[in-house]
Amino acid sequence: MASLADLPLRDNLRGLTPYGAPQKQVRVALNVNENTHPIPEGVAHDVVTSLAQALLGINRYPDREFTTLRERLARYVGHEMTADHLWAANGSNEVLQQILQAFGGPGRTVLGFPPTYSMHSIIAAGTDTTWIAGERDPGFELTPSLVTEWIEKTSPDLIFLCAPNNPTGTPLDLDAITAAYDATNGMVVVDEAYAEFAPDGTPSALTLLEGRERLIVSRTMSKAFAFAGARVGYMVADPAVCDAIRLVRLPYHLSALTQAAAIAALDHTDEMLAMVDDIRGQRDRLLAELPKLGFTVWPSEANFVLFGGVHQPHALFEALLERDIIIRDLGIPHHLRVTAGTEQETTLFLETLQDLGGAEFGRQ
Ligand SMILES: *Cc1c(COP(=O)(O)O)cnc(C)c1O
């Protein structure tokens with residue numbers, strides 16, 4: 001077998017590694033911020049009925065404009081958005097890729113603020129958009145002045161902001177978004193994958209869209225909506241931005257089955273989102289309990305917690321894995337990230353951590 005080095009690969013991809021969060025069969029999987037509650041059985045039956053209907057027409061290409069799905073998503077996001085403001089794809093990762101295909105590419109740059117969602121820089125590389133790594137303040141926060149300083153220093157074509165930020169959980173004030181918008185002539189993308197887990201009343205970047213045609217808010221059904229396996233993400237933006245994406249999307253990129261499943265799920269929004277409060281409760285429990293085991297925690301408005309004070313992150317990750325629990329080692333020194341699971345999963349995680357000695361684990 002040949003190796004990558006034998007292939008005429010594009011130069012900017014040489015030496016890179018693919019996204020690779022471990023996928024393992026374990027009892028307690030708290031590593032990729034999924035909603036660990038299955039969707040309600042009644043909703044699953046309605047999704048199946050909808051899929052069966054779609055299957056009867058599967059000899060034809062699907063609705064290329066996925067109009068019904070865009071209408072349902074517009075109704076879900078509210079803020080007076082219409083189907084014209086909505087675009088969807090196979091996960092918000094694909095939406096972000098399409099955004100970079102249209103607005104990034106060779107000779108263009110995208111500014112992000114690590115530690116942040118690892119796919120942002122990977123999608124940049126895949127589209128040959130140069131990734132510029134900005135910096136956060138010591139508390140992982142992004143102030144309007146810090147964002148503005150980085151934009152003025154680097155003049156990026158796009159800016160990726162993540163609200164709340166993965167993997168730190170840090171919320172982002174709307175002021176930082178408007179400051180970014182005012183400091184650039186480029187596109188500002190706010191990744192709100194975890195928006196539904198923020199405290200009630202937290203304003204979304206959706207409230208800023210009016211009159212800002214270079215602002216994009218990306219969302220997903222993968223997390224709060226418990227639909228990660230279906231691969232449905234979407235963005236909300238000025239209709240002109242959706243038209244720009246139409247220039248790069250593959251025709252019929254959203255299968256008839258994906259559209260049918262997503263529409264059926266959106267018809268049961270309340271039931272699909274029913275576990276969000278419970279998950280927020282488990283997140284708050286992690287925030288309260290991890291310090292009692294000697295760890296430090298970062299404030300989180302998402303469904304996960306980044307905790308520090310870990311002497312040997314990789315060894316602790318492995319010790320938990322041996323006990324059938326997987327969490328995430330992101331390579332941040334002395335830190336690990338854990339997803340808020342069901343009450344039972346969270347209990348098992350905390351009890352196992354205690355058995356392992358809490359923050360004493362790995363101390364030389
Ligand atoms: C999980 C996650 C996504 C979701 O990706 P999908 O492709 O929609 O599953 C997007 N952005 C961030 C920051 C995430 O953590």
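Q: Which residue in E6 is the bridge partner of Ile159?
A: Val188 is the E6 bridge partner of Ile159. Strands here are DSSP runs (E, at least two residues) and helices are H or I runs of at least four, numbered from the N terminus.

Q: What am I looking at, a predicted model? And how are residues numbered?
A: This is a predicted model, where local features need pLDDT of at least 70, side-chain atom pairs count only at pLDDT 80 or more, and totals for chains, interfaces and linings use all residues. Residues are numbered from 1 along each chain as its sequence is written, and side-chain values use heavy atoms, with hydrogens and water left out.

Q: Back to that pair. How many bridges join E5 to E6?
A: Strand E5 (residues 158-162) and strand E6 (residues 187-191) are joined by 5 bridges and run parallel. Two strands pair if DSSP finds at least two bridges between them.

Q: What is the strand order of the sheet?
A: The order is E2-E8-E7-E6-E5-E3-E4. The sheet is open, has 7 strands and shows mixed pairing.

Q: Which strands stand at the edges?
A: Strand E2 (86-89) and strand E4 (130-133). Each has a single partner strand, so one side of each lacks a neighbour in the sheet.

Q: How many degrees are neighbouring strands turned?
A: On average, 25 degrees against each other, direction ignored. Axes are lines fitted to C-alpha atoms, for helices over the stretch in contact, and angles run from 0 to 180 degrees between N-to-C directions.

Q: What does helix H6 touch?
A: Helix H6 (residues 174-183) packs on the sheet and touches E5, E6 and strand E7 (215-220). The direction of H6 makes about 160 degrees with that of E6. Contact means heavy atoms within 4.5 Å.

Q: E7 next. Buried or exposed?
A: Buried, for 6 of the 6 residues of E7, so the strand is largely enclosed by the rest of the structure. Buried means under 20% relative accessible area, exposed over 50%, and partly exposed in between (1.4 Å probe, protein chains only).

Q: Which residues sit on which side?
A: Leu215, Val217 and Arg219 are on one side of E7, with Ile216, Ser218 and Thr220 on the other. In a regular strand the side chains alternate between the two faces of the sheet.

Q: And how does E7 pair?
A: E6 and E7 pair in the parallel sense over 4 bridges, with Asp191 opposite Ser218. E7 and E8 run antiparallel, joined by 5 bridges. There, Thr220 has Gly233 as its bridge partner in E8.

Q: Switching to the core. Which residues touch the most other members?
A: In the largest nonpolar core, of 72 residues, they are Leu69, Ile99, Leu161, Ile177, Met221 and Met235. Helix H8 (residues 256-266) supplies the largest share, 6 residues. Such a core is a set of buried Ala, Val, Leu, Ile, Met, Phe, Trp, Tyr and Cys residues joined through side-chain atoms within 4.5 Å.

Q: What is Ile177 in contact with?
A: Leaving aside neighbours within four places in sequence, Ile177 contacts Leu161, Leu172, Val190, Ala205, Leu208 and Leu215.

Q: Last topic, Thr342. Where is it?
A: Thr342 is in the loop between strand E12 (336-339) and helix H12 (343-355). At 17% relative accessibility, Thr342 counts as buried.

Q: What are its contacts, leaving aside neighbours within four places in sequence?
A: Thr342 is in contact with Thr36, His37 and Gln282.
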